[in-house]
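This briefing is meant to be read with the sequence and the 3D view side by side. Please find each element in the view as it comes up.

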Amino acid sequence: MAPTPAQGRSIQLAVIDSETTGLGDGDKMIEFAMVKMALDADGQICDIAGPIDGLEDPGTPLRPEIVTITGLDDAMLAGQGFDDDGLREQLADVDAIVAFNAVFDARFWRVRFPWLTKPWICAQKDLDWHAQGHAERSQSALLAAKGFFYGGGHRAAPDAWALAILLATQARDGRTVAANLVDGAFRITHRVRAAGAPFGCRADLKEAGYKWDAKARVWWTDVEAKDLDAEILMLTAIHPLIKPMHEPVDCFNRHIW
């Protein structure tokens with residue numbers, strides 16, 4: 001387990017963003033950028049550097065909508081390739097990787113860089129933004145609420161920089177957003193699955209915050225350890241055929257699908 005500021009040690013984060021040929025399992029990453037950020041033992045930024053970035057030719061023409069969204073085109077990507085050795089060196093001293101939507105980015109990074117075993121932190125989900133006084137959920141809206149204008153573009157380097165700026169802002173406890181994210185990411189939660197839930201229960205499960213996993217064909221949610229027993233009782237009250245299943249999750253597997 002990586003060190004955290006709460007343990008009185010510094011922590012090194014890789015703040016990343018990536019662009020892809022699409023959203024499907026068969027799509028490929030075509031651009032990445034990374035800003036390295038160090039937190040001291042008090043949860044404050046003590047160093048920041050970057051971004052480093054790279055382009056890679058996916059081997060097939062980009063769809064017109066991807067060209068429009070990203071500004072990248074086939075000519076810019078032709079013959080390009082990511083520097084695996086350089087990236088591996090840059091990540092050697094990193095304790096965790098931060099993405100705004102880690103479920104998306106981690107999927108592409110783990111396929112392209114199968115040697116990557118770092119834990120992932122999700123800036124969108126590993127911090128209770130509502131408790132921080134924010135109803136906003138997008139990166140651009142959160143930055144705007146903190147006084148920073150950000151157009152929300154789709155190039156990796158400016159997006160990674162924008163996320164790094166968001167992480168460097170102050171949270172309600174006086175530490176940085178980054179330090180609070182680390183605390184949230186490294187906690188142990190439980191992934192609860194409503195195995196055997198009848199089709200007619202879907203409305204009740206959605207109202208209770210459950211999401212549908214189309215691959216596993218099961219409704220699921222993550223709950224804090226202290227809420228696990230109550231969650232299981234709630235599921236059995238929805239329908240007696242539901243067989244609750246649960247397993248602990250942390251930053252090594254919380255955002256990996």
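This is a predicted model: local features need pLDDT of at least 70, side-chain atom pairs count only at pLDDT 80 or more; totals for chains, interfaces and linings use all residues.

Residues are numbered from 1 along each chain as its sequence is written, and side-chain values use heavy atoms, with hydrogens and water left out. Helices (H or I, at least four residues) and strands (E, at least two) are DSSP runs, numbered from the N terminus.

**Helix 7**

- Eight of the nine residues of helix 7 (residues 177–185) are buried, where buried means under 20% relative accessible area with a 1.4 Å probe, protein chains only.
- Those buried residues are V177, A178, A179, N180, L181, V182, G184 and A185.
- They pack against strand 1 (11–20), strand 2 (29–39), strand 5 (120–122) and helix 6 (156–168), with contact taken as heavy atoms within 4.5 Å.

**Strand 4**

- In a regular strand the side chains alternate between the two faces of the sheet.
- Strand 4 (residues 96–99) is covered on both faces, with A96 and V98 buried on one side and I97 and A99 buried on the other.
- Strand 4 runs parallel to strand 1, and three bridges join them; two strands pair if DSSP finds at least two bridges between them.
- From strand 4 the chain passes through helix 4 (residues 102–112) to strand 5 in a right-handed β-α-β crossover; right-handed means that, with the strands pointing away from the viewer, the path from the first strand over the helix to the second runs clockwise.

**Pockets**

- A pocket is an open set of points on a 1 Å grid over the protein atoms alone, where a 1.4 Å probe fits, with protein on both sides within 12 Å along at least five of seven lines; lining residues have an atom within 4 Å of a point.
- The largest pocket is lined by 28 residues, with K125, K211, W220, D222 and H255 nearest its centre.
- Strand 8 supplies the largest share of that lining, five residues.
- The second largest pocket has 22 lining residues, and D17, S18, F104, H154 and D159 lie nearest its centre.
- Strand 1 gives the most to the lining of the second largest pocket, with four residues.

Methods. Buried means under 20% relative accessible area, exposed over 50%, partly exposed in between (1.4 Å probe, protein chains only).
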